[in-house]
Amino acid sequence: MKKLLASKYWWLFLLIVLVGINYLAAQFHYRLDLTQEKRYTLSAPTQKLLSSLNDQVIVTVFLDGEMPAGFRRLSNNARELLQEFKEAGKANIQFRFQRPGASEADSTGAFSMDSLMRMGLTPTNVRVKAKEGEGEEQRYLFPGALVSYHDRVIPVDFLQGTKATDGDPFSTLNNAEALLEYKFAHAIQKITAETVPAVGYLLGNGEPMTYNVYDLIEGALKPNYGFGFIPIDSVPVIPQEFNAIVIMKPTVKFTEAQKLKIDQYIMHGGKVIWLIDRLDASLDSLFRKKSDFVAFDFGLNLDDQLFRYGVRINADLVQDLQCDSLPLVVGNIGDKPQMNFQPWPYFPLLSSHAGHPIAKNIDLVLSMFPNSIDTVKTTGIHKTVLLATSSNARVLNTPAIVSLNSVKTEEDLKTFNRANIPVAVLLEGRFSSLYTHRLSQTMMDTLAGIYKQPFRAASAEENKMIVIADGDIASNVFRQGKGPMPMGFNQFTNYQYANKDFILNSIEYLVNPSGILETRAKDYTLRLLDPEKVENEKTQWQLINIGVPVLLVVLFGFIYQALRKRKYQ
């Protein structure tokens with residue numbers, strides 16, 4: 001080695017070593033994730049999905065070029081994550097970054113802004129520098145991507161449903177970064193799946209079939225799952241071919257025969273999302289009567305069944321100071337009423353406090369006249385509150401009077417003293433049947449012999465269901481001239497809440513056993529500088545950053561001269 005380094009070709013040897021190191025670094029990539037939340041480590045379900053791909057998936061991300069710092073960080077995180085995807089999926093994962101409309105003549109095919117909006121990506125208006133030394137210009141960014149597989153394309157909107165933080169865009173974009181792995185992995189799983197789960201919509205007890213469930217059926221269920229209507233009185237048993245069923249806002253009392261069909265569907269492994277309004281209260285009733293009205297119990301006859309599974313929907317209305325707004329008359333000028341947006345506690349904005357992946361990192365969920373839920377002690381059933389009120393809420397017991405002016409005095413405000421009232425609960429475990437020891441032998445023989453669905457007193461395996469005490473969470477408004485709006489959309493303020501994301505996540509959790517949804521539970525800690533310390537210690541750190549390097553150079557020079565002087569003295 002010494003002879004080689006002493007020869008005149010030492011530089012050639014060094015060059016070969018450097019080339020070899022670079023080649024090995026390009027072939028074998030590894031990094032140590034020292035973050036507490038493991039933000040740079042792919043989850044096991046994602047790795048399994050990527051390693052099982054049998055053909056090429058192409059991801060096109062539209063965050064390229066000049067952009068504000070927050071979006072640049074989002075772009076860099078997406079690039080690093082997709083590099084991890086590529087290493088796990090090998091040649092079956094390809095990705096590229098481009099700016100929409102920047103290269104219309106590109107032979108690979110550029111995406112125009114109009115086509116991206118039609119595909120479902122929402123632009124964001126930002127100010128960026130046009131060129132070095134010039135002023136700023138308005139520009140539309142598309143914080144999203146398209147995932148392509150064979151002849152199929154799925155949009156991925158990075159900001160859709162992301163938990164918004166008022167006045168803090170960095171936190172909002174940080175929440176978007178936390179969901180990148182889930183959104184990419186979910187899109188890849190969806191686009192490469194050969195079969196999809198089937199979801200049924202139960203009919204027969206006054207469930208709506210109007211434009212108010214258009215977004216639930218046409219926008220959420222049909223595009224993502226096999227879908228079918230189930231008229232409960234026309235089938236002897238609920239078909240097990242449906243992985244899950246939706247019981248959406250029934251208004252007619254359930255018979256024992258109908259409840260038995262639902263019960264045995266659950267005992268045989270079927271999943272259920274209950275969207276139940278116990279009291280008859282709606283905004284249409286308020287505007288139609290133009291005065292206060294009493295919300296009466298529908299009398300659905302579901303109390304004993306839900307109690308058996310582990311919850312009770314109470315006959316009350318939940319109010320919250322964290323709520324949506326309505327345009328209400330606040331006075332008159334002349335003979336013309338003056339309208340103003342007023343917070344309306346009957347429309348609570350719900351959030352998750354449990355950190356479950358169904359509701360974590362999503363924006364607030366809009367509810368309308370929700371009821372409260374109590375969990376009851378049930379052996380073997382684990383309960384998780386998915387949605388709850390803020391810390392400033394209250395309940396109005398039945399018969400509950402719905403009033404436009406629901407908060408009249410300061411004393412009323414003091415009654416909003418309950419925190420985290422549950423409105424949506426996830427139940428997991430082995431459920432027991434409501435009809436154990438209650439059926440005749442003839443009925444049991446009929447179930448087993450004719451209908452091929454023998455009676456079960458308990459579910460054979462772990463099962464799960466979601467109970468939501470407000471059917472309006474999955475409803476949408478119908479606007480004249482514009483048609484059905486998305487669920488969770490406030491037609492007066494034009495604000496879009498995360499209702500659709502919550503419903504889709506709920507169904508996905510029930511019917512998809514892959515565990516991809518678990519990646520939504522990742523935390524991305526935003527480690528920002530303390531603004532107060534920055535202001536108070538700014539001069540000190542400026543002197544350190546400028547002075548210390550100079551002192552180190554001087555010290556190195558002094559030591560070098562001292563050693564040189566000693567050597568040649």
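The model is a predicted one, in which local features need pLDDT of at least 70 and side-chain atom pairs count only at pLDDT 80 or more, while totals for chains, interfaces and linings use all residues. Residues are numbered from 1 along each chain as its sequence is written, and side-chain values use heavy atoms, with hydrogens and water left out.

Colour next by burial: of the 569 residues in the protein chain, 45% are buried (under 20% relative accessible area with a 1.4 Å probe, protein chains only). Switching to a cartoon brings up 16 helices and 26 strands (DSSP runs of H or I with at least four residues, and of E with at least two).

Now select residues 180-192, helix α7, whose 13 residues reach 18 Å from the first C-alpha to the last, close to the 18 Å expected at 1.5 Å a residue (1.5 Å times one less than the number of residues). Of these 13 residues, 11 are buried, including Tyr 182, Phe 184, Ile 188 and Ile 191.

Move on to helix α3 (residues 44-51) and helix α4 (residues 69-89), whose axes come within 8 Å and cross at roughly 55 degrees (lines fitted to C-alpha atoms over the stretch in contact, with angles from 0 to 180 degrees between N-to-C directions). To see where α3 and α4 touch, display Thr 46, Leu 50 and Ser 51 of α3 together with Phe 85, Ala 88 and Gly 89 of α4, which make the contact (heavy atoms within 4.5 Å).

Notes
Buried < 20%, exposed > 50% of the residue type's maximum accessible area, 1.4 Å probe, protein only.
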